[in-house]
Amino acid sequence: MPAFKPAITNILLVNINVDRLNEQLELHGYKPVLTPDIECIGEVDVPYSLMIINEDLIRENGAFNIEHLYFLNNNVPTAVFISDPKSVPETLLKFLSESTLEWVYSHEIESGLICSRLDKILIESCLNNNFQLLQQNHWEKEKLKKEILLRNQVLDHERELNANIAASIASGLIIIDLKGTVIMLNENARTLFKLASTDYIGSAYGNIFPVKIRTAIEDFLKKMLSGFAHHEMKKISIEDSVIEIAFYQMKDYGHTINGVLMLVNNITSQENTAQQLYRAEKLATMGTMLSGIAHELRNPLSVISARAQMALAKDAWDKAWAIKNFESIEAQTCRCATIINNLLDFARYRATQMAVHQVQKILDETLTYVEYQNSFDSIAIEKNYQEGLVIFGDHSRFVQVFLNIITNASDAMDGKGTLGIRTWSDDPAWVTVEIRDSGSGIDNKVKDKIFDPFFTTKEPGKGTGLGLAIVYKIIHESGGEVWFTSEPGNTSFFVKLPTGMKHHE
Amino acid sequence: MNEKILLVDDEVDFLDVLSEFLKDEGYETSTARNAQEALGTLQKDSFRLLLSDINMPGMKGFELIKKVKQLYPMMKSALITAYDVRDYINMAKNYDIGNIITKTTPFNFEEVRLLVRNIITEDIFGLEHYVKGPVNSMTIKSSNEIEQVIQKIVNAMSNARHKRKFRQALNEIIINAVYYGAKQERGDRKELWPIDVNLSPSEEVLVSWGIDDEKVGVSVMDQKGLLAKKDVLYWLERNTTKGEDGLSVGLLDDHGKGLFITRESIDRFIVNVKRGSKTEIVMLNYKEGLYDGYRPLWIQEL
């Protein structure tokens, strides 16, 4: 009979660690796998064709458990290792002879018989139960089962993590694939859009969201697919709420765009706070403007009054004189009206009105509000306007921007120096305004803070600390940019604003 | 020959009407639209008075006057503005300028006429110049007459607005005239002033009052001429300049506050001084709503 060797040559030794046995097994092409106890058998993750357990374990655990183990262990042939047959109790020997278990003796190791005995056990088991095939299938199945279990665990874990992330983020989270199917929509997003708590996952976005949102998604999808945008922020007002949506393109591992991720926030209260801050700053600006306007009115009013008194005092009017007199009154009255209208324009609370304005006119108007101030007495104003430039946006906000920057400039000069105002454009889409002062300059330490709200270098009571923060906000909302360069004696603020004309490429 | 006045203002319409008015008053006028033009005109022609706007493009009024004073020391000068004179007190003190006329609404031609006349003629003393109507006078010979005089003047005023303001102002100005002006007590040691003092004939204080269609007026005049223009400007400046705490720097001064408060509470506060000879303080109150606007600075020292 040719020596039989099973495909699986591992032999599990439970609670047996005898060097001589290990040597013999290896000599015969078997591989001993050691495990300390019956409880640890489940953890053995290699297949084995035979299990040998120490007789002590049978004594400790009782015969029944061993038999049970045999079945549990999926009919792997099992032998009991007996060190001295004379010491084995009668009852155990009786049990062994009646059970399916085999036994091996320690002296078989010494005599070199052990392996031929094991071969015999295996061949018999094989003939009896065709166990080896079973064993192999079993182990493959086990392996697969374990793998699937592990994958499921990982998947469960990831799913749970995703669900946790989606639920935990304070924003609404929406993910839409390129076909427009919603593949993620968290609770916050449902609440934000007041959607009934049905599962929307799998629906087309067009059927779920309000028109304004649908349009915004559509826009972004178009831009993203044509490569114009990777992300975008949008503010959309729906009823009384202002909703901010951040759009991001989603890519798979191969960097192919496969969807849009949207983070949605209700920013109504922030918007209100921002509006309040804006209005507070506007009031402060209005204070400056008001005294400027009051001063501006006195000049024409005194002329009108003087002219009228002169006319009243005269017995007879020479025609040419009368015409000159009343033309002057008419002109000065119109001047008063313009001044008042400017203030009203500024003071009236209204939604921003976007329109095209002559930048030169806005700058000159702004200057009239501050020029009267004592602090401007020794400040030379140098204007350098490029003719005919326009900017697109809200008139009163522009006035506020320039008023803030000019006021800061004059404060920095402490009443003495040169204020330079320059405008230019080298791109039909943009106009740049430079406001330069010869003042003390901006300290390096504060350069990165000057656009922060409530940051001020002025004495208490002199600045709200909101001026430049508002400037920054307004300019960004107008689609423009603001930056500055500063060294002692030469500080320039640059405001780049859109003209409203499309850039021709 | 008519007195010549040079008017400087970037408000052309204003130049035109003021020039017309002053011509009607019998002056000869030239106009300039900025300081540079004015200096050019002055090179060609001489003038008795320069009347300049403060806030003009280029050189401002204060600088122009400073320059003109250096070049033509005999020429008289005054400033004119539509803005708040309080904001210019500091400059007035630094440039030693006593007269800043204000562009009021209604325009106060009468005041401009008077100021120009006063500056040119130096005939400044006496309430008759300031009030067109009968003027009553009393002399104060001792400190115990002060209360009586004040009561008499207040009684003569029909309007409660004037009564209230004038009582406070009179109290301040007459007491100062008697103790500081006539007796030359130290202004910063009021607590040491004796309660009863008698004034010799050369120390007597003359108080006049009168009423016309537009206003009521009181003049308080001593015979010492102790008050200097620069002191008045100094005290006004102390009380109009704000310190870092936002309060006026002169808030805790022992002296000079009364002057400032009086200037603030009375429509027109006029100081006429002939050094070593007499000091007159004229206080005018207009009918309510008349000549609203800012108060001129009106200090003339001969």
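Modeller: One term first: two residues are in contact if their C-beta atoms, placed from the backbone, lie within 7 Å. The model is predicted.

Colleague: What covers the buried residues of H8(B)?
Modeller: Helix H8 of chain B spans residues 229–240. Its buried residues include Val232(B), Leu233(B), Trp235(B) and Leu236(B). Their cover includes four elements of chain B: helix H4 (89–95), helix H9 (257–265), strand S9 (268–274) and strand S11 (297–301).

Colleague: How far does H8(B) reach from its first C-alpha to its last?
Modeller: H8(B) has 12 residues. At 1.5 Å a residue, 16 Å is expected. The reach is close to that, at 16 Å.

Colleague: Are H8(B) and H9(B) roughly parallel or roughly perpendicular to each other?
Modeller: Their axes come within 9 Å. They cross at roughly 75 degrees. Angles of 65 to 115 degrees count as roughly perpendicular. H8(B) and H9(B) are therefore roughly perpendicular.

Colleague: Which residues in H9(B) meet H8(B)?
Modeller: By class, this contact has 5 nonpolar, 1 polar and 2 charged residues. H8(B) brings Val232(B), Trp235(B), Leu236(B) and Asn239(B). From H9(B) come Lys257(B), Leu259(B), Phe260(B) and Arg263(B).

Colleague: What percentage of the residues in chain B are buried?
Modeller: Chain B has 9 helices and 11 strands. Among its contacts between residues at least 6 apart in sequence, 67% join residues at least 24 apart. Of its 302 residues, the buried ones make up 46%.

Colleague: And in chain A, what percentage are buried?
Modeller: Chain A has 13 helices and 17 strands. For contacts between residues at least 6 apart in sequence, 62% join residues at least 24 apart. Buried residues, out of 505 in chain A, make up 30%.

Colleague: Which element gives the most to the side of chain A that touches chain B?
Modeller: On that side, 18 residues of chain A are in contact with 20 residues of chain B. Two elements give two or more residues: helix H9 (268–313) and helix H10 (319–347) of chain A. With 11 residues, the one that gives the most is H9(A).

Colleague: Is Glu330(A) buried or exposed?
Modeller: Glu330(A) sits in helix H10 of chain A. Its C-alpha atom lies 8.3 Å from that of Ile304(A), 26 residues apart along the chain. Glu330(A) has 12, so it is exposed.

Colleague: Are H11(A) and H12(A) roughly parallel or oblique?
Modeller: Helix H11 (residues 359–370) and helix H12 (residues 395–413) of chain A have axes that come within 9 Å and cross at roughly 50 degrees. That angle makes H11(A), relative to H12(A), oblique.

Colleague: Is the crossing of H11(A) and H12(A) left-handed or right-handed?
Modeller: H11(A) brings residues including Ile362(A), Leu363(A) and Tyr369(A) to the contact. H12(A) brings others, among them Phe398(A), Phe402(A) and Ile406(A). The crossing of H11(A) and H12(A) is right-handed.

Colleague: How many residues of the contact of H11(A) with H12(A) are nonpolar?
Modeller: The contact includes Glu365(A) and Thr366(A) of H11(A), and His395(A) and Ser410(A) of H12(A). By class, 4 residues are polar and 1 is charged. The nonpolar residues number 9.

Definitions and conventions:
Residues numbered from 1 in each chain as written. Chains lettered and ligands numbered in written order. Predicted model: local features only at pLDDT ≥ 70, side-chain atom pairs only at ≥ 80, totals over all residues. Axes fitted to C-alpha atoms, helices over the stretch in contact; angles between N-to-C directions. Parallel < 35°, antiparallel > 145°, perpendicular 65-115°, else oblique. Left-handed = near helix turned anticlockwise from the far one by under 90°. Nonpolar A, V, L, I, M, F, W, Y, C, P; charged D, E, K, R; others polar. Buried ≥ 20, exposed ≤ 12 C-beta atoms within 10 Å, placed from the backbone. Expected span 1.5 Å × (residues − 1).
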